[in-house]
Amino acid sequence: MNYYIETTLNTDFDSAVEKTKAALKEQGFGVLSEINIHEKLKEKLDVDFRKYKILGACNPPYAYKALQQENKIGTMLPCNVIVQQLDDGKIGIAAVDPVASMMAVENDSLSPIAEEIRDLLEKVVKSL
């Protein structure tokens, strides 16, 4: 089982980030955080790294449901979605598969919530 859902786009990096944010919004996700790995690695390690952003996406109703079932599930929130420049010039988009990540949590009541979130994230990725 993959731990992510992915697609590849033929567009520029900034457009891919904006398209991804818009697709997340259409499925009820907000972007709570945005980490620019390219900039952070340059700042902290003085290394050049490809364009790479981590978007911390949250769907509040589902986050609330999950938190009601498991009080430490916040350690696995938000759902990360990455946008990265690939070697061939294309843009790779990948979202965490919440079903795969929830396998580490021994709480059967989370399974249906994780499956619903996975369905939404699959819609996001496929719409790109």
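Predicted model: local features only at pLDDT ≥ 70, side-chain atom pairs only at ≥ 80, totals over all residues.
Residues are numbered from 1 along each chain as its sequence is written, and side-chain values use heavy atoms, with hydrogens and water left out.

F49 has a ring partner, Y52: the ring centres are 6.0 Å apart and the planes stand at 55°, so this pair is tilted. The rule behind that word is that rings of Phe, Tyr and Trp (its six-membered ring) pair if their centres lie within 6.5 Å, and that planes under 30 degrees apart count as stacked, over 60 as edge-to-face and the rest as tilted. Y52, at 17% relative accessibility, counts as buried. By this rule there are 2 aromatic pairs, and one of them is formed by Y3 and Y4, edge-to-face, with 4.9 Å from centre to centre and 85° between the planes. Y3 is exposed, with a relative accessible area of 59%, whereas Y4, with 28%, is partly exposed.

Let me turn to the sheet, where 5 strands in the order β1-β5-β4-β3-β2 form an open sheet with antiparallel pairing. Helices (H or I, at least four residues) and strands (E, at least two) are DSSP runs numbered from the N terminus, and two strands pair if DSSP finds at least two bridges between them. The edge strands, each pairing on one side only, are β1 (4-9) and β2 (30-36).

Y52 brings us to strand β3, which covers residues 52-58 and is joined to β2 by 6 bridges, the two running antiparallel. Within that pairing E34 stands opposite L55, and the bridge partner of G30 is C58. Towards β4 there are again 6 bridges, also antiparallel, and there A57 stands opposite C79. How many of the 7 residues of β3 are buried? The count is 7 of the 7, so β3 is largely enclosed by the rest of the structure. Both of its faces are covered, with Y52, I54, G56 and C58 buried on one side and K53, L55 and A57 buried on the other.

Now the helices. Helix α2 (residues 37-45) lies across β2 and β3 and runs at about 40° to β2; such angles run from 0 to 180 degrees between N-to-C directions, and axes are lines fitted to C-alpha atoms, for helices over the stretch in contact. Helix α5 (residues 111-127) packs on the sheet, touching β1, β4 (79-85) and β5 (91-96), and its direction makes about 10° with that of β1.

The axes of helix α3 (residues 60-69) and α5 come within 10 Å and cross at roughly 160°. That makes α3 roughly antiparallel to α5, since angles over 145 degrees count as roughly antiparallel, under 35 as roughly parallel, 65 to 115 as roughly perpendicular and the rest as oblique. Where they meet, Y62, K65, A66 and Q69 in α3 face I113, E116, I117 and L120 in α5, contact meaning heavy atoms within 4.5 Å.

Finally, Q69 is partly exposed at 37% relative accessibility.

Conventions: Buried < 20%, exposed > 50% of the residue type's maximum accessible area, 1.4 Å probe, protein only.
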